[in-house]
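Please look over the sequence and the model below before reading my comments. I have written them as numbered points, so that each can be checked on its own.

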Amino acid sequence: MNSNKRTALITAASKGIGFAIAKDLAQKGYNVVISSSNEANLASAFMQLNELAPGRVESILCNLRDAKSVQNLTLYCQSKNVNIDVLVNNCGGPPAGYFPDIAINDWDMAHQEILKSALALIHACLPGMKEQKWGRVINITSIATKQYVDNLILSSAYRMALTAACKVLSVQYAQHAITFNNIAPGYTFTDRMKELTEFRAKKQGISVENAMQELEELTPMKRLAQPEEIAALASFLISEQAGYITGNTITIDGGLTKNIS
Ligand code: NAD
């Protein structure tokens with residue numbers, strides 16, 4: 001099937017990595033459904049995509065931290081005239097912080113935002129993918145699933161759980177040509193990265209510019225990734241050519257993580 005017959009749902013897609021993926025897919029002719037919790041940013045993203053997309057563009061307000069809001073999105077996915085072929089589970093990301101600073105309720109919130117929302121959407125989209133005998137599920141995770149990151153305990157914990165769940169699904173649904181993969185970005189130049197850098201700068205008592213420079217220095221390529229580079233990888237994993245790749249996490253981090261496998 002051509003990309004212009006496929007429909008992709010990308011969550012948390014009004015800005016940053018999610019938006020870059022939606023833009024790339026829209027330009028390639030996919031029908032694109034974007035969701036986000038921020039109404040104004042969502043409207044702006046919708047307008048930008050609509051201008052350049054040959055396919056259909058839709059936007060749905062959805063707060064991934066709110067179970068009811070996610071349920072509305074799952075109902076959309078299950079509605080009669082909708083078939084989601086490509087599901088990109090992205091999220092805003094849980095707050096950064098060290099264990100003592102994180103309230104017990106924050107664990108519930110991160111559970112909902114990262115794990116439960118993604119599983120609910122997978123659950124809603126899988127029957128259609130199975131019927132079509134084709135599907136792609138991509139989770140945007142983090143290098144925090146590959147190596148220890150000091151202040152990202154919530155991110156590490158729930159993204160590892162999602163990675164494990166999708167490994168199981170990758171085996172169970174391989175015979176239906178449905179693939180499950182994770183993309184683990186390193187430092188990528190987005191608003192989220194600016195926020196985390198501000199947090200670190202404050203904690204270390206240094207300027208935000210210096211904190212940003214530290215990240216560049218830490219990265220063997222001496223620069224941050226651009227969201228479009230993450231989108232290019234997602235686009236490949238979604239393509240027909242990547243149909244034999246499943247159950248993997250692919251890091252895209254300029255050489256940052258030091259693990260061998
Ligand atoms: P970003 O801040 O640029 O964009 C986040 C998007 O998520 C926005 O569209 C925002 O409206 C949306 N969003 C925020 N909270 C939401 C909610 N509760 N429900 C629905 N949508 C919500 O962030 P980004 O850098 O593109 O990050 C995307 C994901 O990638 C995050 O989960 C982040 O942790 C992860 N990540 C980012 C980096 C990086 O360096 N930028 C590195 C590794 C992992």
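1. Basis of the model. This is a predicted model, in which local features need pLDDT of at least 70 and side-chain atom pairs count only at pLDDT 80 or more, while totals for chains, interfaces and linings use all residues. Residues are numbered from 1 along each chain as its sequence is written, and side-chain values use heavy atoms, with hydrogens and water left out.

2. The cavity. A cavity is a set of points, on a 1 Å grid over the protein atoms alone, where a 1.4 Å probe fits but cannot get out, and its lining residues have an atom within 4 Å of a point. Grid points are joined across faces, edges and corners, and a volume is the space filled by probe spheres set on the points. When the whole structure is searched, one cavity of 30 Å³ or more is found, and the largest cavity holds about 80 Å³ of space.

3. The lining of the cavity. There are 14 residues lining the largest cavity, and those that lie nearest its centre are Asn 89, Asn 90, Cys 91, Ile 114 and Ala 118. Helix H4 (104-132) and helix H5 (153-172) are the elements that give two or more residues to this lining; helices (H or I, at least four residues) and strands (E, at least two) are DSSP runs, numbered from the N terminus. H4 provides the largest share of the lining, namely five residues. By type, the lining residues divide into seven nonpolar, five polar and two charged, where Ala, Val, Leu, Ile, Met, Phe, Trp, Tyr, Cys and Pro count as nonpolar, Asp, Glu, Lys and Arg as charged, and the others, Gly among them, as polar.

4. The nonpolar cores. A nonpolar core is a set of buried Ala, Val, Leu, Ile, Met, Phe, Trp, Tyr and Cys residues joined through side-chain atoms within 4.5 Å, and buried means under 20% relative accessible area, exposed over 50%, and partly exposed in between (1.4 Å probe, protein chains only). The largest nonpolar core has 35 residues, of which Leu 9, Tyr 76, Cys 77, Ile 122 and Phe 180 touch the most other members. At least two residues of this core come from each of helix H3 (67-78), H4, H5 and strand E6 (178-185), and H4 gives the most, with 11 residues. Apart from this core lies another, of 31 residues, among them Ala 8, Ile 21, Val 57 and Ile 183.

5. Contacts of Leu 9. Which residues does Leu 9 touch, not counting residues up to four places away in sequence? Contact means heavy atoms within 4.5 Å, and the residues touched by Leu 9 include Val 33, Leu 73, Cys 77, Ile 84, Val 86, Leu 87, Val 88 and Leu 121.

6. The aromatic rings. A search of the whole structure finds three aromatic pairs; rings of Phe, Tyr and Trp (its six-membered ring) pair if their centres lie within 6.5 Å, and planes under 30 degrees apart count as stacked, over 60 as edge-to-face and the rest as tilted. The pair of Phe 99 and Trp 107 is edge-to-face because the ring centres are 6.4 Å apart and the planes stand at 65 degrees. Trp 107 and Tyr 158 also form an edge-to-face pair, with 5.9 Å centre to centre and 65 degrees between the planes. Since Trp 107 lies in helix H4 and Tyr 158 in helix H5, this pair ties together parts that are 51 residues apart in sequence.

7. Is Phe 99 buried or exposed? Phe 99 is exposed, with a relative accessible area of 54%, whereas Trp 107 is buried at 18% and Tyr 158 counts as buried at 15% relative accessibility.

8. The loop between H5 and E6. Ala 177 lies in this loop, is partly exposed at 34% relative accessibility, and has a positive phi, near 60 degrees, in a residue other than glycine. Tyr 173 is found in the loop between H5 and E6 as well, and, leaving aside its neighbours within four places in sequence, Tyr 173 is in contact with Leu 126, Lys 130, Ile 178 and Phe 180.

Definitions and conventions
1 Å grid on protein atoms, 1.4 Å probe; cavity = no way out; pocket = protein on both sides within 12 Å on 5 of 7 lines; lining within 4 Å.
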